[in-house]
Amino acid sequence: LFGHYWRLRGLVDPVDAQGMEQFEAAKYLAGLAMFPRHPALNEAATDLCGRMFAARRHSEAAVFAAQALRLAPENTALFRLLGTAQLLLGDVKSAVEVLKRLVEIQGDDPLNLTLLGVAQYLDQDKAGARTSLSAARARGEAGVSLLTDAILSALDGDPARAAAIIGPLTGHAEWGGLARRAQARFQEQLAAGTDQDP
């Protein structure tokens with residue numbers, strides 16, 4: 001019956017790309033409402049959100065991820081996408097809350113700790129950022145380590161070194177957006193001419 005319902009809906013829904021994506025989103029949300037732990041539904045919802053994110057439609061990705069997480073609160077990949085999208089949209093406080101929850105669920109995952117540390121740094125929580133980034137430092141991948149090392153350098157009062165470290169990352173497809181946000185803070189610190197992070 002569920003399959004027949006969506007087949008019939010497909011006959012009357014728009015066939016343009018945007019309409020099809022909205023239809024796809026509605027289908028996954030309806031499915032998650034009934035089967036919140038269904039692996040294939042969670043994977044499909046995550047894939048759709050990831051496509052929105054990759055297309056740099058961060059606002060749409062954040063809205064969809066938040067809707068899906070209300071129905072499937074154990075989907076850690078959606079937590080990560082939501083927190084990262086909020087960071088890129090400048091909603092830093094919301095990102096901190098989402099990423100803290102993600103770290104609570106998944107433990108010491110270096111990617112999650114790094115994202116939380118970036119969010120805390122941009123939210124002016126120096127102690128929290130140092131704790132999260134220090135925990136992530138030894139375990140991170142190349143991109144994660146560059147971001148971590150740069151922000152820790154800024155927290156240590158060396159924004160020039162931080163800017164030099166993060167420079168190659170600003171054009172990175174995945175990490176570029178966060179790197180540019182951090183770089184802007186380093187430049188503020190340099191312009192202020194102080195040895196303390198603003």
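User: Hey, of the contacts between residues at least 6 apart in sequence, what share joins residues at least 24 apart?
Analyst: That share is 50% in this chain. A contact here means heavy atoms within 4.5 Å. Before you read on: this is a predicted model, where local features need pLDDT of at least 70 and side-chain atom pairs count only at pLDDT 80 or more, while totals for chains, interfaces and linings use all residues. Residues are numbered from 1 along each chain as its sequence is written, and side-chain values use heavy atoms, with hydrogens and water left out.

User: OK, how many helices and strands does the chain have?
Analyst: The chain has 11 helices and zero strands. Both are DSSP runs numbered from the N terminus: helices are H or I with at least four residues, strands are E with at least two.

User: And how much of the chain is buried?
Analyst: Buried residues are 45% of the 198 in the chain. Buried means under 20% relative accessible area, exposed is over 50%, and partly exposed lies in between (1.4 Å probe, protein chains only).

User: Let's look at a helix pair. How do H6 and H7 cross?
Analyst: The axes of H6 (residues 92-106) and H7 (residues 110-122) come within 9 Å and cross at roughly 150°. Those axes are lines fitted to C-alpha atoms over the stretch in contact, with angles from 0 to 180 degrees between N-to-C directions. That crossing makes H6 roughly antiparallel to H7; angles under 35 degrees count as roughly parallel, over 145 as roughly antiparallel, 65 to 115 as roughly perpendicular and the rest as oblique.

User: Which residues make that contact?
Analyst: Among them are Val92, Leu99 and Lys100 of H6, along with Leu113, Leu116 and Gln120 of H7. By class, there are 11 nonpolar, three polar and one charged residues. Ala, Val, Leu, Ile, Met, Phe, Trp, Tyr, Cys and Pro count as nonpolar, Asp, Glu, Lys and Arg as charged, and the others, Gly among them, as polar.

User: What about H4 and H5, at what angle do their axes cross?
Analyst: Roughly 145°, with the axes of H4 (residues 58-71) and H5 (residues 76-89) coming within 9 Å. The residues that meet include Ala62 and Leu69 in H4, and Phe79 and Leu82 in H5. That contact has 11 nonpolar, two polar and no charged residues.

User: Switching topic: is threonine 148 buried or exposed?
Analyst: Threonine 148 is buried, at 0% relative accessible area. You'll find threonine 148 in helix H9 (residues 142-155).

User: What does threonine 148 touch, leaving aside neighbours within four places in sequence?
Analyst: Thr114, Leu133 and Arg137. Serine 134 is 14 residues from threonine 148 in sequence and 7.8 Å away in space, C-alpha to C-alpha.
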